[in-house]
Amino acid sequence: MKTILLPSGERVPALGQGTWNMGDQHATRAEEIAALRMGIDHGLTLIDTAEMYGSGRSEELVGEAIAGRREAVFLVSKVLPQNATRLGTIAACEKSLERLKTDRLDLYLLHWRGSAPFAETLEALSRLQADGKIRHHGVSNLDFDEMREWHSLKDGTGVATNQVLYNLSRRGVEWDLAPWLREKRIPLMAYSPLEQARLVNHKGLAAFGHKHGMSPAQAALAWLLAQENVIAIPKCGNRERLEDNLGALSHKLDTVQLAELDALFPPPKHAQPLEML
Ligand code: NAP
């Protein structure tokens, strides 16, 4: 498994697991838990959730999936902007810990910018770190200017990631944000790496995959795995589809294949506003 270096010197897998919409339906719950456990067995030990997902249902499901295996997992959750005040962040984190049935998060992110001043959120995150409730802090959905603003604040250089929308069909961050993060050695965490399954049904990507002996999902994930400093967190609540995604780990794309994908999904030619899903 390819690993990515966090600023702390710790390594995390370049392929993790997302959990948005997991836990929302009783009928799929057992399979979702089984898929997450199978992912852990295969090294996808970074699990991303958020207090927002299903109003806590995703965190509860993750708590169940990692029961007895907490030490093997690098657990990521997020605070909603409306809770990201000095006291609200701490209260939100404690509720997340309860739902996840754990005493600490490995990484806690500000989900996106709201009205709470960054400095206040950072103060709360530093407090949570000092109290051992979170091991690292980071951000999500911050554009290039916001990212540099966060980084310039007291304790802001401790930021461990910026989790943003990044996949073959959403390459805007390559213009400015991704190079800046790479230069600062802050990993970029790519969310919706399959464009919420839309890439799986992309005709051009299917043809590329057919030519090179991989599925469209494998091609999309292998492309992210070929990027420097990037962690991808596909969500997959089904063991058969997870098996497909795991296949991406055995497809290292070469320069010719990467050039073919550049032709299909051109990189940005100018700065673009950060996209969000
Ligand atoms: P995604 O990972 O791009 O796509 C997930 C969808 O693809 C699901 O419908 C899944 O269905 C399907 N899928 C997975 N593997 C497949 C395969 N091999 N073949 C066909 N379909 C497949 O989208 P996402 O959930 O939006 O993003 C991933 C994670 O990033 C989220 O779960 C969340 O943890 C995080 N995220 C963060 C933010 C943020 O604002 N920070 C925003 C969006 C997402 P099944 O589950 O049924 O297999």
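User: Why does Tyr 53 count as buried?

Analyst: In this predicted model, Tyr 53 has a relative accessibility of 7%, and since buried means under 20% relative accessible area, Tyr 53 falls in that class.

User: What makes the pair of Trp 20 and Tyr 53 stacked?

Analyst: The ring centres of Trp 20 and Tyr 53 are 5.7 Å apart, with their planes at 25°; because centres within 6.5 Å make a pair and planes under 30 degrees apart count as stacked, the pair is called stacked. Trp 20 lies in the loop between β3 and α1, and Tyr 53 in the loop between β4 and α2, so the pair ties together parts that are 33 residues apart in sequence.

User: Why are α5 and α6 described as roughly parallel to each other?

Analyst: The axes of helix α5 (residues 144–152) and helix α6 (residues 177–184) cross at roughly 25°, and because angles under 35 degrees count as roughly parallel, the two helices are described in that way. Their axes come within 9 Å, and α5 passes α6 in a left-handed crossing. Among the residues that make the contact are Phe 144 of α5 and Trp 180 of α6.

User: How do you know that the aromatic pair of Phe 144 and Trp 180 is edge-to-face?

Analyst: Phe 144 and Trp 180 have 75° between their ring planes, and because planes over 60 degrees apart count as edge-to-face, the pair takes that name.

User: Is Trp 180 buried or exposed?

Analyst: Trp 180 has a relative accessible area of 12%, and because the limit for buried is under 20%, Trp 180 is buried.

Note on methods
Residues are numbered from 1 along each chain as its sequence is written. This is a predicted model: local features need pLDDT of at least 70, side-chain atom pairs count only at pLDDT 80 or more; totals for chains, interfaces and linings use all residues. Side-chain values use heavy atoms; hydrogens and water are left out. Axes are lines fitted to C-alpha atoms, for helices over the stretch in contact, and angles run from 0 to 180 degrees between N-to-C directions. Helices (H or I, at least four residues) and strands (E, at least two) are DSSP runs, numbered from the N terminus. Angles under 35 degrees count as roughly parallel, over 145 as roughly antiparallel, 65 to 115 as roughly perpendicular and the rest as oblique. A crossing is left-handed if the near helix is turned anticlockwise from the far one by less than a right angle, and right-handed if clockwise. Contact means heavy atoms within 4.5 Å. Rings of Phe, Tyr and Trp (its six-membered ring) pair if their centres lie within 6.5 Å; planes under 30 degrees apart count as stacked, over 60 as edge-to-face and the rest as tilted. Buried means under 20% relative accessible area, exposed over 50%, partly exposed in between (1.4 Å probe, protein chains only).
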